[in-house]
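Okay, thanks for coming, everyone.

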Amino acid sequence: MEELCGAGAAGPLRGDAEEPKQGSVLFLGGNEVKSSAVVKYSSAPPQAAFARLQEKTDLKLPPANWLRESAKLGPAGTTILGNNKKSKPFSSFGMAYDFIDSVGNDVDVVSDSENIKKLLKIPYSKSHVSMAVHRIGRTLLLDELDIQELFMRSSQTGDWTWLKEFYQRLIDQKWQRKKKSKEHWYQKAILSKFLYYSINGDGAAQPVPSTSKQHQEGPVSGESDEAGQASWPAPFEMPSSLSEDPGASNQGNVPLEPSYIVGHVASAPKEQNLTTLFNDGENSQGLKNDFVRNILWTFEDIHMLVGSNMPIFGGGRYPAVSLRLRDNNKPINVLTGIDYWLDNLICNVPELVMCFHVNGIVQKYEMIKTEDIPNLENSNFSTKVIKDIAQNILSFLKSNCTKEGHTYWLFKASGSDIVKLYDLTTLCEETEDKYQNPFTMPVAILLYKVACNMMLKKNQNKKHYGTIRTLLLNCLKLLDNGRHPQIIASANYMLSELFQLDEPKKEDSADFPINGNSDESYSEEEEEMPDSDENGSYSNSSDPPDDNKAVAIIKSVGELSVPEKYKSVHRIRPSCAFPVCHGTEERCRLVLNYVLEGLKSVDSSLKKEGDLPAADPSTPIPLKYEDESSSGGPECLEKQMALFLDKMGSFQKGKHSSQSGMIPGSWQYKMKLQLILKSSKAYYVLSDAAMILQKYGRALRYIKLALQCHDTYCCLSTSMLPEVLVFLCQCLTLCGDIQLMLAQNANNRAAYLEEYNYQTKEDQEILHSLHRESRCQVFAWATDLSTDLECQLSVSCKCYEAAYEILLFSNVKNQNPEQRIQVLKRMGNIRNEIGVFYMNQAAAVQTERVVSKNVSTTEQQLWKKSFSCFEEGIQNFESIDDATNAALLLCNTGRLMRICAQAHCAAEGDFKREFSPEEALYYNKAIDYYLKALRSLGKRDVHPAVWDSVNWELSTTYFTMATLQQDYAPLSRKAQEQIEKEVSEAMMKSLKYCDVDTVSARQPLCQYRAATIHHRLASMYHSCLRNQVGDEHLRKQHRVLADLHYSKAVRLFQLLKDAPCEFLRVQLERVAFAEFQMASQNSSAGKLKTLSGALDIMVKTKGAFQLIRKELEAESEQISKDKGSAENVSPNDSSPGLNKEEVLKLLSIFESRMSFLLLQSIKLLTSTKKKIGGINEEEAVLKTNKQVYSLLLRATANKSPRLLARIEVMVHLLEQLSPGEGGKGGAQ
């Protein structure tokens, strides 16, 4: 757990980022100042009580333990002597690396406590201030920029000459290194000895012999100088292979890079912390966090991560005190008071123990509470003013240090009141290489690490993606590809990971608000702030000419004490919001752009680059388009498929075949794998999007690129992760879908070919990178654009089969049951498509076949192929319990059987033709498949449309078989009675599956079919009755059945408004049936009754004639309309109306039979009248019949009238005959 400073226990290990606890609120000098401190890390042991020295102890004498390593003091003893980290310019970076969670988000400032104190003392002190400021998100990193040490090094190495010249112009004087006085080193030495005495405990405060004093004190000054020289790094030292000489080879050694690869950024566990960046070089570069404790200090509303080495002791009235040594002859001044007060606040130490000495001789101790320090004599200061100074300085820096990745220099000359802020990065780039700035690399690495850390948080909200993207883009700006390819590749990969490829388009704007978060929004390219007198003028018109280099100026340090002089308003436009992509393609293109940059970095770092032929990115890679003449057809496809599956199987054995010679396990290897997989996913998404837009040529090109990426991944990978195999299945499945759609849209083939052959420069460059590792031909069989329909369907099927095979041998099917179902469903569907293709081909061959008795071998082969496909498809659907689709394929198999039956019909003349056994066999097989389809569905509710369709097909098959048996009776093999029985059974079964009651689009068809069946059955029984002799019981049965079926046929035809001819034909047959019955009758009354019934049947045809008249009139009107614009109407535009020949034929028969019946009726009625005298009713009928007969004879005698006129006459006659028109037709 974390602790409040001074609580007595060691803190947690570095890197633990727990939430800070609130510390105490202090009320100091009447002004409320809120301050709390939480230890984030402490290397100090539990506080020991300090040893109170006896009076007259001589601090000039060294104690026995002096300068020995002490856990109680930590580095404090030697630090005070000058071998300190005061001059280490990267101390804040060391802390930032360790507490990466806090950087860019929660914390305002990261710095050494000494730097914080120096800033807060600016208005009180005349001494110079020189600090480097860096911005990471909303966090500022402050480090001392020791100009003296910097220029000391510059004079030896020649580095930083540009800054030295600038500084000399700025100060307008020759620079001279100030040497520290002997008094300075004397004071440091006795403080160090005092601390060692204080931890020595009882009997330890014994001086060593005086001979050793000189030995110990002698080298102090030299140590300091040496330390000062060593503490400043070179301008970020690179390995010798990356010297700044532009001619030096950068192929010699791989640069020192972080060993962390962002290969698994999205999934890496939190514990996988970033490893040390510079390995052994980190300490020498001053990048190590070697503070005794790191404290999260909240001062008012400012959150600071502070490093402190102040020794803390136990003792006194409180659990923790700080220990100070003061010369009794020198009073405490304000600067010292502020120093003591801030140290105690930062470390949350409630009490200060002061030891007074005179010339090194201990005099007395004094205890002072922390809250009393601002009120000490000669050291009075206002805590409220210190608070204002802190807020003003922070606001000033935050308002002006706006460019992430830039090094800013906060400078105040000794004795000056003016504080200036310079942008060293801009100054450096104007004069020399940006790598001359030693902060460039630490800043870049920190930006990278903060971004990594944010990416690793599993619960990271997408609103922070804009921040991560800005961090990474600013990191990339600072890096040079030749020197840091690994970080560049990793950063680009992370940038590509920010774009979720599989999310719906609508989320783009919802998840990434355009304005971002006001406090976290900052820009990598910020405009300069306008002048503002209210916030302290940033103008420099009255300053020396060189001051135009300053970004901002505080004209007088006194301004810092004015409350809210510099308001805490970050006037920075919120440009770190995540870019809103206006579509899937744009998002994928951004991803591919980052992937390409990453691949370039990886490829440029590989040693073997010179061994490969240089690829010219401007030369397109041929896509090897082939037409069907050059492709080997399905057999060749089978071989390629086998090779592919063999290659897939080899992954289990862990083969590795990179052409570029990348070493498995190297950062290049890991990174390239991840980048290739990402590009494969991006191309897959592009292909899927093109598929939705029906741009199938483009879709095939993208899926080809996706599979080429995957091929390269397979070449490099030593093992295949399940999720990668699942993704490969998705790619192959999509490829199958695309090939199927290309087959179904063959009419647009030219457009698809053009889309397929187009390539962007980006795609070409990615392909060149892939070709360094692989030939990318493993999936060529699946992605070539063929012009042959059969080949396309076959390729589609092979894609699905390959996907299913991968699911099988990788055991992924159990983990992804949905994937298995999708693949099997597609396999069933494509096998249905291929089966239908072969079936249609067989039907076409059959149609083209010239008169020939035998079925051709070609037809039989096509049947077999089609049947095999249907059978496999049915198995696919049954394996996933898809009853509906299985039923559809069984239905198609039934249709195939019917085509086989049609092929076997004898091709001789119709008069010799008989219904063959082969036909019966295949029709019965078709019936079996249809019945299986119904059993598969179980009930209509499962899928009403399919159920109705199967029923219709089954009804059709029974009807066709019955019709053929009736029309082409196999009398050579079967008796007439047996045939009639079979026909009757088949017709009744057809009726059973013909649903005339359910209202649907097919209902009129069903009604027509049922009417036709009843008509045919009635005709058959009518025929039997005519031809039968003997068995009176059977004759009576046939008579009843014929009458029944005629009645049903009439009723159904009456429901249909578009079958008047069929209705007429049935009625005429009924009339003929009545005439046949009349012929066998002897009595006049019976004959008259039959005649009356027949005439009644004729009267009922009036509706049919009216329909015919209506249609003829409509046709006549249309013709007259068209005459006016005859030139605009083509002959083919006339709509197919009535079959006029059929109408004429039926009308002639109707007239003939009507004439005959009327004549017979008149004869019978006349003879009856003579015998028994007149009956009024019969007289009326006779009169009407004579009148109609007369009109009919006149009408038939005139052969010239048009059809419409004849129909109108007939309607008129039937109206006269009908009972309501003055005569009774005889339905008595």
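First contact: on the H33 side we've got Tyr1008, His1015, Ser1019, His1022, Leu1025 and Arg1026, and they meet Glu1062, Arg1065, Val1066, Glu1069, Ala1072, Phe1073 and Phe1076 of H35. Sort those residues by class and you get six nonpolar, three polar and four charged. Before I go on, keep in mind that this is a predicted model.

So how do those two helices sit? H33 covers residues 1003-1027 and H35 covers residues 1060-1079, and their axes come within 11 Å, crossing at roughly 20 degrees. Anything under 35 degrees counts as roughly parallel, so H33 and H35 are roughly parallel to each other. The handedness of that crossing is left-handed.

Next pair. Helix H29, residues 883-903, packs against helix H31, residues 944-967, with the axes 10 Å apart and an angle of about 20 degrees. That makes H29 roughly parallel to H31. Here too we have a left-handed crossing. If you want to click on the contact, H29 brings Thr884, Ala887, Leu888, Cys891 and Arg898, while H31 brings Val946, Val950, Glu953, Thr956 and Thr957. By class, that contact splits into five nonpolar, three polar and two charged residues.

Now, which way do H27 and H28 run relative to each other, parallel or antiparallel? Helix H27 is residues 817-848, helix H28 is residues 857-879, and their axes come within 8 Å and cross at roughly 160 degrees. The cut-off for roughly antiparallel is over 145 degrees, so that's what H27 and H28 are. H27 passes H28 in a left-handed crossing. As for who's in the contact of H27 with H28, there are 13 nonpolar, ten polar and six charged residues.

On to the holes. Rolling a probe the size of a water molecule over the atoms shows where empty space is left. How many cavities of 30 Å³ or more does the whole structure have? The search comes back with nine.

The largest cavity has a volume of about 130 Å³. What lines it? H11 has the largest share, with four residues.

Last bit, the backbone. Most residues other than glycine have a negative phi.

Glutamate 300 is one of them: its phi is positive, about 55 degrees, and it's not a glycine. You'll find glutamate 300 in the loop between strand S7 (293-299) and S8.

Asparagine 359 lies in the loop between strand S11 (351-358) and strand S12 (361-369).

That's my lot. Shall we take questions?

Notes. Residues are numbered from 1 along each chain as its sequence is written. This is a predicted model: local features need pLDDT of at least 70, side-chain atom pairs count only at pLDDT 80 or more; totals for chains, interfaces and linings use all residues. Side-chain values use heavy atoms; hydrogens and water are left out. Axes are lines fitted to C-alpha atoms, for helices over the stretch in contact, and angles run from 0 to 180 degrees between N-to-C directions. Angles under 35 degrees count as roughly parallel, over 145 as roughly antiparallel, 65 to 115 as roughly perpendicular and the rest as oblique. A crossing is left-handed if the near helix is turned anticlockwise from the far one by less than a right angle, and right-handed if clockwise. Ala, Val, Leu, Ile, Met, Phe, Trp, Tyr, Cys and Pro count as nonpolar, Asp, Glu, Lys and Arg as charged, and the others, Gly among them, as polar. On a 1 Å grid over the protein atoms alone, a cavity is a set of points where a 1.4 Å probe fits but cannot get out, and a pocket is an open set with protein on both sides within 12 Å along at least five of seven lines; lining residues have an atom within 4 Å of a point. Grid points are joined across faces, edges and corners, and a volume is the space filled by probe spheres set on the points. Contact means heavy atoms within 4.5 Å.
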